[in-house]
Amino acid sequence: TLLGTHRGLETRLVPERGYELALIPPVPLPRRPTLELARLPLRVRQAVKQAGTVLRERKADVLVGFGGYVALPAYLAAKRAGVPIVVHEANARPGLANRVGARLTSHVAVATPTTPLRGAEYIGMPLRRTIATLDRAALRDQARAFFGLEPDRPTVLVFGGSQGAQRINEALSGAAPAIEAAGVQVLHAVGSGNEGAVAPPEGAVPYVVVPYLDRMDFAYAAADLAICRAGMMTCAELTAVGLPAIYVPLPHGNGEQRLNAAPIVQAGGGLIVDNAGCTPEWIRDHVPSLVADSERLALMAKAAAGFGRRDADQRLVELIRRSRDVVDF
């Protein structure tokens with residue numbers, strides 16, 4: 001059973017996957033002293049009560065939390081009910097809910113080794129099996145044919161999430177003639193609604209523009225190098241499959257994207273470029289030479305794969321088993 005709120009995508013995604021969804025009130029923490037802050041204790045109590053009802057009615061053996069609006073009242077309800085708690089933190093900088101949850105249990109897992117949660121076990125990020133078991137070399141020819149790419153050209157994958165990334169789109173668009181002149185082909189997911197944002201060169205070298213990538217396994221297999229944001233899932237998937245990347249961290253929020261990419265870069269599996277520094281000139285001056293350097297790319301790929309974790313799902317299950325101290329959970 002998954003806990004969620006009426007505001008989230010889970011209202012559609014969870015039932016589509018065949019799981020039960022139980023809704024509780026969201027408890028966002030106001031950033032400023034407002035009337036909402038005064039109502040916070042009552043809202044927390046209501047959410048904790050409803051989460052406790054779900055735990056009791058489902059006879060829950062364990063609660064696994066990943067942070068967010070739902071996690072905090074769920075952690076408090078589980079602690080009150082004596083239900084074992086497992087916490088998984090995806091980002092390098094933990095959120096409030098998981099900082100609280102980590103104080104209520106000794107079973108804490110993190111997706112990156114630098115996350116400051118006491119007693120945390122570094123297991124990586126649980127991934128889809130199609131990604132965790134991906135053999136890029138074995139699928140390369142099929143993947144490139146799937147996207148209309150040539151089999152033997154150096155290939156760059158560019159993406160910025162489902163909505164795209166304007167800065168990355170603009171930089172690649174401006175540098176496209178230089179990339180084509182270097183004989184480098186590109187697979188570029190520009191984001192839904194941004195199909196006209198990048199005009200591919202009309203030359204002999206493929207520059208494939210798509211709004212969205214439904215087959216990320218094929219996209220990773222087709223590429224020699226990625227240019228992308230640095231969300232935790234992106235970082236986890238790229239390192240798991242051993243794909244070198246140029247990370248352009250989102251400049252907003254609390255800087256977690258830079259923190260996500262930093263240990264990968266330190267290990268040698270990628271580069272970081274500031275959002276403001278991701279310009280057509282930078283792309284033109286660095287990307288063609290890098291993607292053409294097969295020896296350097298091989299070293300970066302090995303470093304990325306050495307940092308990545310393909311078995312985080314299994315490690316998380318093992319942690320859940322230990323929280324219950326049972327053999328067959």
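# Notebook: strands, helices and a few single residues

I started with a polar contact: the side chains of asparagine 98 and glutamate 89 are joined at 2.8 Å. I note at the outset that this is a predicted model.

**Asparagine 98.** I placed asparagine 98 in helix α4. Is asparagine 98 buried or exposed? Its relative accessibility is 1%, so asparagine 98 counts as buried, the cut-off being under 20%. I then listed what asparagine 98 touches, leaving out residues up to four places away in sequence. The list holds Gly65, Phe66, Gly67, Tyr75, Val87, His88, Glu89 and Leu117.

**Strand β4.** Val87, His88 and Glu89 from that list took me to β4, which covers residues 85–89. How many of the residues of β4 are buried? I found five of its five residues buried, so I call β4 mostly covered. In a regular strand the side chains alternate between the two faces of the sheet. I therefore checked the sides of β4 in turn, using the under 20% cut-off for buried. Ile85, Val87 and Glu89 are buried on one side. Val86 and His88 are buried on the other. Both faces of β4 are covered.

Next I looked up the partners of β4. β3 and β4 run parallel and are joined by three bridges. Which residue of β4 is the bridge partner of leucine 63? It is isoleucine 85. β4 and β5 also run parallel, again with three bridges between them. There, valine 87 stands opposite valine 108 of β5.

I followed the connections too. β3, helix α3 (residues 71–81) and β4 form a right-handed β-α-β unit. β4, helix α4 (residues 96–101) and β5 form a right-handed β-α-β unit as well. Asparagine 98 belongs to the helix of this second unit, α4.

**Helix α13.** I checked the length of α13, residues 312–324. At 1.5 Å a residue, its 13 residues should span 18 Å. The C-alpha atoms at its ends are 19 Å apart, which agrees. Which residues of α13 are buried? I noted Ala312, Asp313, Leu316, Leu319, Ile320 and Ser323. Viewed down the axis of α13, these fall within an arc of 120°, so they line one face of the helix. I then asked what the buried residues of α13 pack against. They pack against β3 (63–65), β4 (85–89), β5 (108–110), β6 (121–122) and α5 (129–132). Just after α13, aspartate 325 has a positive phi of about 55°.

**Lysine 59.** I found another positive phi at lysine 59, about 50°, although this residue is not a glycine. Lysine 59 sits in the loop between α2 (35–57) and β3. Its relative accessible area is 69%, over the 50% cut-off, so lysine 59 is exposed.

**Strand β7.** I moved on to β7, residues 155–159. Five of its five residues are buried, so β7 is largely enclosed by the rest of the structure. Thr155, Leu157 and Phe159 are buried on one side, and Val156 and Val158 on the other. Which strands pair with β7? β8 (residues 185–189) pairs with β7 in the parallel sense over five bridges. Threonine 155 has glutamine 185 of β8 as its bridge partner. β10 (residues 225–228) pairs with β7 in the parallel sense over three bridges. Valine 158 has isoleucine 227 of β10 as its bridge partner.

**Proline 151.** In the loop between α6 (136–146) and β7, I looked up proline 151. Proline 151 is partly exposed, with a relative accessible area of 46%. Beyond residues up to four places away in sequence, proline 151 touches Asp141 and Arg144. I also took its separation from arginine 309, 158 residues apart along the chain. Their C-alpha atoms are 28 Å apart.

**Asparagine 169.** My last entry is asparagine 169, in helix α7 (residues 166–181). At 5% relative accessibility, asparagine 169 counts as buried. With which side chain does the side chain of asparagine 169 make a polar contact? The partner is histidine 188, at 2.8 Å. Leaving aside neighbours within four places in sequence, I listed the contacts of asparagine 169 as His188, Ala189, Val190, Asn194 and Val198.

Conventions
Residues numbered from 1 in each chain as written. Predicted model: local features only at pLDDT ≥ 70, side-chain atom pairs only at ≥ 80, totals over all residues. Heavy atoms only, no water. Helix = DSSP H or I, 4+ residues; strand = E, 2+ residues; numbered from the N terminus. Expected span 1.5 Å × (residues − 1). Buried < 20%, exposed > 50% of the residue type's maximum accessible area, 1.4 Å probe, protein only. Arc of directions from axis to C-beta. Contact = heavy atoms within 4.5 Å. Pairing = 2+ DSSP bridges. Right-handed = clockwise from strand over helix to strand, strands pointing away. Polar contact = N/O pair within 3.5 Å; in protein donor to acceptor, adjacent residues only side chain to side chain.
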